[in-house]
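Take a walk through this protein, one residue at a time. Keep the structure open and find each residue as you read.

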Amino acid sequence: MLFNSYAFILLFLPVALAGHALAARNFPRAATLWLALMSLVFYAGNGPAHTALLLASVAVNHRLGRALARGAPRWLLPTGVAANLAVLGWFKYAAFAAETLGLATIPAAAVRAALPIGISFYTFTQIAWLADAAAGRAGKASAPDYLLFVTWFPHLVAGPLLHHGETVPQFQRPGFRPTAESIAVGASVFAIGLFKKIILADEIAPIADDLFAPGGAATAGAATAWAGALAYTFQLYFDFSGYSDMAAGLSCMFGVRLPANFDSPYRATSIIEFWRRWHISLSAFLRAYVYIPLGGNRASRPRQYANLLATMLLAGLWHGAGWTFIAWGALHGALLALNHTWPARPLPRPFAWAATMLAVIAGWVLFRAPDFATAGTIYAAMAGTHGLGPTPAPRALALLPLLTAIVLLLPNMRQWTHPEPLLLPGPTTPAPLPIRWRPTLPWAATCFALFLLALLRMSRASPFLYAQF
């Protein structure tokens, strides 16, 4: 089920909210079970086999975490992590390995088609749980609390990566239920996210699709290539930002606050700052459970750069099973290492921003391209080797300046609604504070108008880009 579908908005969400309100008021112990059940109903559209896999993963990891917290043998942690990665690897990377190694014995197409939605998110979430349980950092979580923590439907498809220290205490909080205030705040945030997805991301998508389609870059001039690359840059931004807003808004409706996952990354003036703003929960996970255990920046400079490269290679592979994703991760690892060697006195802010965005856009071309040949053709066109070419389509000329202004000039959702500092995910992060912001009448009216506009344009439920990762 997708957030941007009539079935979700008009049927699933009202039933889930009403059931939670009734259960929390009359049967408090059943409220968690109700939400866990609704989360499984939400996920069940992916098929019984994938739902069974999710439930098996939850059951096994909960038992492993409880055993590790009680002082189980040290070998149980690497065994549990390896088992999680093996399952993820089979579904997500077996086809890639078969194609790379030329192994005809693995049905590559069948494995790729069977990729369970959200498996990367719930696998990494539970690996963090196991690591913290072994280190004595995991709090107590009953089976229902843990089931809801992993399957919580606002995050299950495309994040953010949840940390038990932030989420489980909220589920265990007395009086955990939707209120008129939480629904008002959450609905307004959800409406903005839906508008970003339907009106902004989906409207700009055809321009990017034309460039990256087979043969689309072969005849592209510089103008068309840049328009297509910028279109994908904005499509990914508003698609992911829209999902993050919808997930945060939905959680808020039920009285749960998710960690910040998006903070205007296209305003960054360095690659380091970009990764502090883009997919914050993934960056925090990689830092806490990969980069720091490898030695982080405590080792020598060459070792630190190697740690950065290894971490970003994993980030690239996490996003997709393909050499272009690995190369994208290597590019960002190299850029991060270069950024750490930059002189103490940075470039003037406009030049630093332009250099950062140029690197990010170049990376997104590699990220989106189906192969290196297509990426190379697009890079060549952007460099002008094919000439300037025809003027981009009117849609591009109208939308690209508008989206640029929105990204650079308007406050982001956190700035509108969460004036307190960002609460970054991590093993020691406390449960997020309640949202202090309340929507004004003009704001509520604007959100409602944007929601209706998105609802009228929602002719079909288009998947979220990050759901495929």
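Ser264 counts as buried, because its relative accessibility is 2%, and the cut-off for buried is under 20%. Look for Ser264 in the loop between α11 and α12, where α12 covers residues 271–277. Now check its backbone. Phi of Ser264 is near 50 degrees. That is a positive value, and Ser264 is not a glycine. Bear in mind that this is a predicted model.

Move along to the next loop. His279 sits between α12 and α13, and α13 spans 280–294. What is phi of His279 near? The value is near 45 degrees, again positive in a residue other than glycine. His279 is buried too, with a relative accessible area of 0%.

Next, step back to helix α11. This helix runs over residues 222–253, and Tyr243 lies in it. Is Tyr243 buried or exposed? Tyr243 counts as buried, because its relative accessibility is 2%. Which residues surround it? Set aside the neighbours within four places in sequence. Tyr243 is then in contact with a run of residues that includes Phe153, Pro154, His155, Leu156, Val157, Ala158 and Gly159. Phe3 and Phe464 are also among its contacts.

Two of these partners deserve a second look. Start with Phe3. Phe3 and Tyr243 are 240 residues apart along the chain. Then turn to Ala158. The side chain of Tyr243 reaches the backbone nitrogen of Ala158 at 3.2 Å.

Finish with the cysteines. How many disulfides are there? A disulfide needs two cysteine sulfur atoms within 2.5 Å, and by this rule the count comes to 0. Cys252 is in no disulfide, and the nearest cysteine sulfur is that of Cys447, 12 Å away.

Technical notes
Residues are numbered from 1 along each chain as its sequence is written. This is a predicted model: local features need pLDDT of at least 70, side-chain atom pairs count only at pLDDT 80 or more; totals for chains, interfaces and linings use all residues. Side-chain values use heavy atoms; hydrogens and water are left out. Helices (H or I, at least four residues) and strands (E, at least two) are DSSP runs, numbered from the N terminus. Buried means under 20% relative accessible area, exposed over 50%, partly exposed in between (1.4 Å probe, protein chains only). Contact means heavy atoms within 4.5 Å. A polar contact is a pair of N or O atoms within 3.5 Å; within protein, one must be able to donate a hydrogen and the other to accept it, and residues adjacent in sequence count only if both atoms are side-chain atoms.
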